[in-house]
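Here's a quick briefing to read alongside the sequence and the model. Grab a viewer and follow along, topic by topic.

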Amino acid sequence: MPTLLHIDSSPLYGRSVSRELTAAFVTHWQASYPDGRVVDRDLNATAIPPITAEWVGANYTPEATRTPQQREQLSLSDSLLAELEQANEYIIGVPMHNFGVPSVLKLWIDQIARVGRTFAYVDGNESGHTHIDGPTEATHLEDTEKNKSFMREYYESFHISGDHSRSNRYFQGDLCIRHEPGVRDGVAEFMRDVEVLMQRRTIDEVKILLGQGDFVFIAAKGTHEGDPCVYIDLYRVEDQKLVEHWGFPEMVPPQEEWKNKNGML
Ligand SMILES: Cc1cc2nc3c(=O)[nH]c(=O)nc-3n(C[C@H](O)[C@H](O)[C@H](O)COP(=O)(O)O)c2cc1C
């Protein structure tokens, strides 16, 4: 069931502009989702204390080893988090107060900012992977040719022809470990990113395809926003499914900047 979390943070009732706006949004939302549920959280009517050293300590203590006092410290945060996690849509009324958000909203943010729940520390990348981590030893050398033809079929059908209807053939569930900056792991995330990228790029022809065991390397020619681009991809294949990917695009410089006449591929 769609659930909307409706948050207001203005201290003004009756003449609050942001409350009027969020109320109008809720009315429209309810008309679009008659079966939907709206959870109202009025931050001016909720007593939220500032976080304390004990609260921070409790937050950084692994759940299984928290004392009863630490669990108590986090109980309000837990209930606000549950509210947040139950919802799948959000409307938050935020007046500007002294060049910032109202203090009650900041108190709420402090309660719901919980490491491992609403945010994670990652090494500069949402997936937590970099371009240079992951396995490096090729295994299953006997599968080299099989994996190369699997990857060629995948690449030509999925990326060159843009046919995304058979993703089940190429992926196992949501398993896709991604070594690209700014992306998240998973097939659903990968598909979503590809749909967006396809509006700005073409991949036209596989120029190099090399394989060793479970690793297959592909370099393909295409365009990015109309300019020539080379797409470099390294995939790892397990049981005829694509499980891991390292990739980046490289723009082809204008010909007058070339240091030789070889071209990039
Ligand atoms: C305490 C207070 C501080 C404000 N500070 C700012 C501000 O820094 N900058 C600004 O553009 N408006 C400021 N305003 C104006 C509000 O943002 C504006 O009145 C807005 O409509 C308030 O939202 P509300 O009507 O939902 O309460 C302030 C208003 C109040 C009451």
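**The ligand shell**

The residues in the shell around the ligand split into five nonpolar, five polar and one charged. For that sorting, Ala, Val, Leu, Ile, Met, Phe, Trp, Tyr, Cys and Pro count as nonpolar, Asp, Glu, Lys and Arg as charged, and the others, Gly among them, as polar. Bear in mind that this is a predicted model: local features need pLDDT of at least 70, side-chain atom pairs count only at pLDDT 80 or more, and totals for chains, interfaces and linings use all residues. Residues are numbered from 1 along each chain as its sequence is written.

- Around the ligand you'll find Ser10, Leu12, Ser16, Val17, Ser18, Arg19, Pro95, Met96, His97, Asn98 and Phe99; a residue is near a molecule if its C-beta atom, placed from the backbone, lies within 6 Å of it.

**Overall layout**

- The chain is split into domain 1 (3-112) and domain 2 (141-257), with bounds that come from an automatic or database domain assignment.
- Going by C-alpha atoms, the centres of domain 1 and domain 2 are 41 Å apart.
- The chain has a radius of gyration of 25 Å, whereas a compact globule of 265 residues would come out near 18 Å (taken over C-alpha atoms; the globule rule is 2.2 Å times the number of residues to the power 0.38).
- Along the principal axes, the C-alpha atoms of the chain fill a box of roughly 70 × 45 × 45 Å.
- Of the 265 residues in the chain, 18% are buried. Buried takes 20 or more other C-beta atoms within 10 Å of a residue's own, exposed takes 12 or fewer, and partly exposed is in between, with C-beta atoms placed from the backbone.
- Looking at contacts with a separation of 6 or more, 63% are between residues 24 or more positions apart (a contact means C-beta atoms, placed from the backbone, within 7 Å).

**Nonpolar cores**

- The largest nonpolar core has 20 residues, and Met151, Tyr154, Val216, Val237 and Leu242 have the most contacts inside it. A core here is a set of buried Ala, Val, Leu, Ile, Met, Phe, Trp, Tyr and Cys residues joined through C-beta atoms within 7 Å.
- H6, strand E6 (215-224) and E7 each give two or more residues to this core.
- Apart from that core lies another one, of five residues, including Ile7, Leu43, Val104 and Leu105.
- Setting aside neighbours within four places in sequence, Leu242 contacts Tyr154, Tyr170, Phe171, Cys176, Tyr235 and Val237.

**Positive phi angles**

- Most residues other than glycine have a negative phi.
- His140 isn't a glycine, yet its phi is positive, at about 50 degrees. His140 sits in the loop between helix H5 (103-112) and helix H6 (144-160).
- Because His140 has 15 other C-beta atoms within 10 Å, it is partly exposed.
- Gln240 also has a positive phi, near 60 degrees, and lies in the loop between strand E7 (227-238) and strand E8 (241-251).
- Gln240 has 14 other C-beta atoms within 10 Å, so it is partly exposed.

- Ile208 belongs to strand E5 (residues 201-212). Ile208 counts as exposed because it has 12 other C-beta atoms within 10 Å.
- Not counting residues up to four places away in sequence, Ile208 touches Ile218, Ala219 and Leu265.
- Gly134 is in the loop between H5 and H6, and it is partly exposed, with 15 C-beta neighbours inside 10 Å.
- Leaving out neighbours within four places in sequence, Gly134 contacts His129, Ile177, His179 and Glu244.
- Asn59 lies in helix H2 (residues 53-60) and is partly exposed, with 19 other C-beta atoms within 10 Å.
- Asn59 and Val115 are 56 residues apart along the chain, and their C-alpha atoms are separated by 7.7 Å.
- Beyond residues up to four places away in sequence, Asn59 touches Leu74, Arg114 and Val115.

Terms used: Two residues are in contact if their C-beta atoms, placed from the backbone, lie within 7 Å. Helices (H or I, at least four residues) and strands (E, at least two) are DSSP runs, numbered from the N terminus.
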